[in-house]
Amino acid sequence: MNNDKEHQFELLVREHKRTIYTVCYMFSHNKTEVDDLFQEVLIRLWNGFDHYEGRSSARTWVYRVALNTAINQDKKERRRIETVPLTVDIDPFEADDSKTQQVRKLHDLISQLELIDRSLVLLWLEGISYDEIGAIIGITPNNVGVRLARIKEKLVQMSKKQ
Amino acid sequence: MENNNLNELEQLKAQYETLKEQLDQQEIVNDRLMKSSVKHSVDFYKRYRWLQVISYPLMAFLGLVFINWDLDGSFSAKVFWVTFCLAGLIIELLLTRKLQLKTLENEDLLTLSNHARGFKRLFSLFLILNYSTVMIVVGGFLMSKIGEGVANLGVAMLLLGIVMVFVIIVGIWEVRFKTRPCDEIVRQLEAIGTPAEKKPVFYMNQRWFIIAMMVVYLGLDVWCGYLFAKHLKLVGDTFRYERAEGDFSTKGSLEIWEIYNLTWVADKARFLETTMVEDNDSLVYRWSADTTELALYTLKKTTEVGPAISSAVLGGKPLVKRLETGPYKEGTFTAIMLELMPEATILFKRMTEDALLQPQPVNIAVVIDGQVYQEWRIANAVCSAFFINANPNWSKDEVEAFCEQLIQQ
């Protein structure tokens, strides 16, 4: 029974690994922090797995837990267990190829935003509907629209300055 | 301009797509990571509960060791301490269970942040209450040591002050520091606008549960302070006696006299040798009960039998209806409040009212078994009760015996 649950959990994680990594990347400053945060998100997901019950889509739930962890988690708390390195052969913080440089520009830009704005812009870039964003963050879709309009304006200004 | 902005945003989207492309080619998750995450899935609240399960028995054990060492193994102190620790443990375990904190991981960001903030505030309040208990215990302990000459009042007060400052600083720090990240998130979210669904931080039944737990905890704190203070003899025993309905029996002699004159005497025998002291029609002489400061009182006869008020004046009826002492503490005066019977009250009131009309101040004396026990100046009309002080050198049993003697008057 437990193995079955673990198997299902593993399937869910593998399906949404990119989503989790993206959140961790946007809320971290180096590769180690990404690894730490990724593991913490997995622990939170596992803890909440019993209570998930499929009330919302799996993607919405994964985003909720990942963003809740990234925003609320105390960094000191994360270091209580030995971090297992992720199987990633690129370093989006250090690599010099043109693609990674482009990605890094995006990271640098988003990092300048407040935590909630960072979450909103990330969900918007992912192409998630305002209704779903509202359900993840806890605000109305109208508020999401208004706030995103302001953030986009801010991002454009920041992008021009870069 | 509009197009430029759109281009910038399109560029951001393109950069994001690049990131997705790069990540799609990565394995990211490995078996070791999965196993480690499942194995180490002990969240904060679980660890917090374990901490309580370990720390409360430890606290109970250390307390019992201390009680055996310094409080002569007092059974009541042991029972209290174990109850206190057990209640604290149950309250905290129930609280974390009642709040259903585990399910919060699935809530939206605003709800989670509000809950986290509420819980952290609550937790800080618990800490402040816990520290205050420690402060009461430490305070009581130090105060008890003053009597033993181990600590002096200045040192004790200084230590108490330091503990109090520590409690306040830790309390403020807990609330400010622990809730600051949540405050910031809630502030940012509330700046955006109205929440999708306004959820209360704690549901109604949770709120009442928390308040009830707080009251229980506070009650335990007060109980803790009282028991320790009582055990360490900071709070003394009190005595209370009341004459039974229809009981008019009397025993002994309690009299209230008006003082005519007072003479301080260094040596009683020598004074008697050199001075003629004899009662006459209007005056009587009574020695003070206090042997350290010997005084001879000249008392004025104001009734046919002599004293202004006595059982004899009332035709053999009793004087005292009820008496009650303040807390007994060795080496200090224990105040005894005497409430008079209705007939005695009328006489006493008349006596004090008349005294206030006199051009000179009038002093009265309480005479017990032929010795002046206490005197005071009449400053206002007294109705039905007055205070006398028990001898500070008396033991608790002696004070009790004195009270038993007084109630029979």
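A residue is called partly exposed here when its relative accessible area falls between the limits for buried, under 20%, and exposed, over 50%. In this predicted model, B:Asp31 is partly exposed because its relative accessibility is 46%. Its side chain meets that of A:Arg14 in a salt bridge, with N and O 3.4 Å apart. The pair crosses between chains, running from helix H2 of chain B, which holds B:Asp31, to helix H1 (residues 2-15) of chain A, which holds A:Arg14. A:Arg14 is also partly exposed, at a relative accessible area of 28%.

Chain B contributes 55 residues to the contact and chain A contributes 69 residues. Between them the two chains bury about 6100 Å², and carbon and sulfur atoms give 60% of that area. Three salt bridges are counted between chain B and chain A, and 17 residue pairs, both at pLDDT 80 or more, are in polar contact across the interface. On the side of chain B that touches chain A, the elements giving two or more residues are helix H1 (2-24), helix H2 (31-39), H3, helix H5 (109-147) and helix H6 (153-192) of chain B. Of these, H1(B) supplies the largest share, 14 residues.

Over all chains, the search of the whole structure finds 17 salt bridges. One of the pairs within chain A joins A:Arg18 to A:Glu126, the closest N and O atoms being 3.8 Å apart.

Within chain B, the side chains of B:Lys321 and B:Glu339 form a salt bridge with an N to O distance of 3.8 Å. Here the link is between strands: B:Lys321 lies in E6 (residues 320-325) and B:Glu339 in E7 (residues 334-340), so parts 18 residues apart in sequence are tied together. B:Lys321 counts as partly exposed at 33% relative accessibility, whereas B:Glu339 is buried at 18%. Both belong to one network, in which salt bridges that share partners join B:Arg240, B:Lys321, B:Arg322, B:Glu324 and B:Glu339.

The surface of chain B also carries a nonpolar patch. B:Leu58, B:Phe61, B:Leu62 and B:Val65 make up this patch, with about 400 Å² of accessible area together. B:Leu62, placed in helix H3 (residues 44-70) of chain B, is exposed because its relative accessible area is 51%, and the limit for that class is over 50%.

Turning to the backbone, two loop residues of chain B deserve a look. B:Ile28, a residue other than glycine, has a positive phi near 60 degrees. B:Ile28 is located in the loop between H1 and H2 of chain B and counts as buried, with 0% relative accessibility. A positive phi, near 50 degrees, is also found at B:Asp369, again a residue other than glycine. B:Asp369 occupies the loop between strand E8 (363-368) and strand E9 (371-377) of chain B, and with a relative accessible area of 46% this residue is partly exposed.

Key: Residues are numbered from 1 along each chain as its sequence is written. Chains are lettered from A and ligands numbered from 1 in the order in which they are written. This is a predicted model: local features need pLDDT of at least 70, side-chain atom pairs count only at pLDDT 80 or more; totals for chains, interfaces and linings use all residues. Side-chain values use heavy atoms; hydrogens and water are left out. Patches are made of residues with over 30% relative accessible area and no salt bridge: like charges are joined within 9 Å, nonpolar side chains (Val, Leu, Ile, Met, Phe, Trp, Tyr) within 5 Å. Accessible areas come from the Shrake-Rupley method with a 1.4 Å probe; for residues, only the protein chains shown count as cover. A salt bridge is a side-chain nitrogen of Lys or Arg within 4 Å of a carboxyl oxygen of Asp or Glu. Helices (H or I, at least four residues) and strands (E, at least two) are DSSP runs, numbered from the N terminus. Buried means under 20% relative accessible area, exposed over 50%, partly exposed in between (1.4 Å probe, protein chains only). Contact means heavy atoms within 4.5 Å. Buried area is the accessible area (1.4 Å probe) that two parts lose on being put together, summed over both. A polar contact is a pair of N or O atoms within 3.5 Å; within protein, one must be able to donate a hydrogen and the other to accept it, and residues adjacent in sequence count only if both atoms are side-chain atoms.
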